[in-house]
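These are notes for a colleague who is about to look over the model. The points follow the order in which I went through it.

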Amino acid sequence: MPFTDEELKLLRNSWDEVKKLGMKEVGLHIFTGLLNAAPSLRTLFYTIDLPDEEELTIDVMRENKKVVAHATRIANAISKFIKFLDQPEELEKLLTSLGESHARRQVDPESFEYVAPVILSVIGGHLKLPSNSPTLQAWVKAYGVLRNGIVSAMEA
Ligand code: HEM
């Protein structure tokens, strides 16, 4: 799905701004939100016996190497995704590789439904954007492309 120049500008400027937190921190914000929204995913990353209803904090997440590794991977992958939005061949390769690596790890494609609200909330919260902001609308579209690319490669 092609993006307009304006959408690309909004996506890249907002990601550049959020990235100032550092890749690990952005990733931890997104990943903490994800594991709180979908506690059943926690078992894929660690074996600490935390009740599902217990809210994870970023500080608890930071103590777990596997969690930090995946958090950073998420942020790095989003950076590449944003960079490749106007390079269809590179984009396709990235999404295929993400889909294949998650399929290999038995990640349920449905899990990716939880990611969009978390990304929107981290970006919107950090940049203090109103929910109807064009930047967030561009992210909704972008996440659709990310999700569809990953999920179709998982199901291929
Ligand atoms: C929807 C929930 C998700 C689950 C349950 C999940 C699960 C996993 C697991 C279990 C691994 C292997 C452990 C590891 O490398 O840390 C992994 C690897 C990875 N994940 Fe995720 N992931 C999710 C979402 C995402 C998202 C949204 C991105 C980025 C856009 C992402 C990027 C990566 C990358 C780059 C790797 C390393 C792949 C490789 O080794 O080839 N993940 N994921």
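Where does K128 lie?

1. K128 is found in the loop that runs between α6 and α7. Please keep in mind that this is a predicted model. The phi angle of K128 is near 55 degrees, a positive value in a residue other than glycine. As a rule, most residues other than glycine have a negative phi. K128 counts as exposed, at 72% relative accessibility.

2. Q106 also deserves a look. Its phi is positive, about 55 degrees, although Q106 is not a glycine. Q106 sits in the loop between α5 and α6, the latter covering residues 115-127. With a relative accessible area of 68%, Q106 is exposed.

3. Next, the metal. Which residues coordinate the iron atom of the ligand? H70 and H102 do, each through NE2, at 1.9 to 2.0 Å. H70 belongs to helix α4 (residues 65-83) and H102 to helix α5 (residues 88-104), so the pair ties together parts of the chain that are 32 residues apart in sequence. The iron atom has six donor atoms, with angles of 87 to 179 degrees among them, and its site is octahedral. To be called octahedral, a site with six donors must have opposite donors over 155 degrees apart and all others between 65 and 115.

4. Are H70 and H102 buried or exposed? Both are buried, which means that each has under 20% relative accessible area. That figure is computed on protein chains only.

5. The ligand takes up the space of the largest pocket. It is surrounded by 16 residues, and the closest are F45, H70, R73, H102 and R105. Helices α4 and α5 each supply at least two residues of this shell. The largest share, four residues, comes from α4.

6. Some polar distances at the ligand can be checked one by one. A polar side-chain atom of H70 is 2.8 Å from a nitrogen atom of the ligand. For H102, an N or O atom in the side chain is likewise 2.8 Å from a nitrogen atom of the ligand. In the side chain of R73, an N or O atom lies 2.3 Å from an oxygen atom of the ligand.

7. K141 is part of helix α7 (residues 134-155). What joins the side chains of K141 and E7? A polar contact of 2.8 Å does. K141 is partly exposed, with a relative accessible area of 23%.

8. The last point concerns N13, in helix α1 (residues 5-19). How far apart are N13 and T135 in sequence and in space? They are 122 residues apart in sequence and 9.2 Å apart in space, C-alpha to C-alpha. N13 has a relative accessible area of 46%, so it is partly exposed.

Technical notes
Residues are numbered from 1 along each chain as its sequence is written. This is a predicted model: local features need pLDDT of at least 70, side-chain atom pairs count only at pLDDT 80 or more; totals for chains, interfaces and linings use all residues. Side-chain values use heavy atoms; hydrogens and water are left out. Donors are N, O and S atoms within 2.8 Å of the metal (3.2 Å for Na, K and Ca); water is not among the atoms, so sites may look incomplete. Four donors count as tetrahedral if all angles lie between 85 and 135 degrees; four count as square planar and six as octahedral if opposite donors are over 155 degrees apart and all others between 65 and 115; anything else is irregular. Buried means under 20% relative accessible area, exposed over 50%, partly exposed in between (1.4 Å probe, protein chains only). A residue is near a molecule or strand if one of its heavy atoms lies within 4 Å of it. A polar contact is a pair of N or O atoms within 3.5 Å; within protein, one must be able to donate a hydrogen and the other to accept it, and residues adjacent in sequence count only if both atoms are side-chain atoms. On a 1 Å grid over the protein atoms alone, a cavity is a set of points where a 1.4 Å probe fits but cannot get out, and a pocket is an open set with protein on both sides within 12 Å along at least five of seven lines; lining residues have an atom within 4 Å of a point. A molecule sits in a cavity or pocket if more than half of its atoms lie within 2 Å of its grid points.
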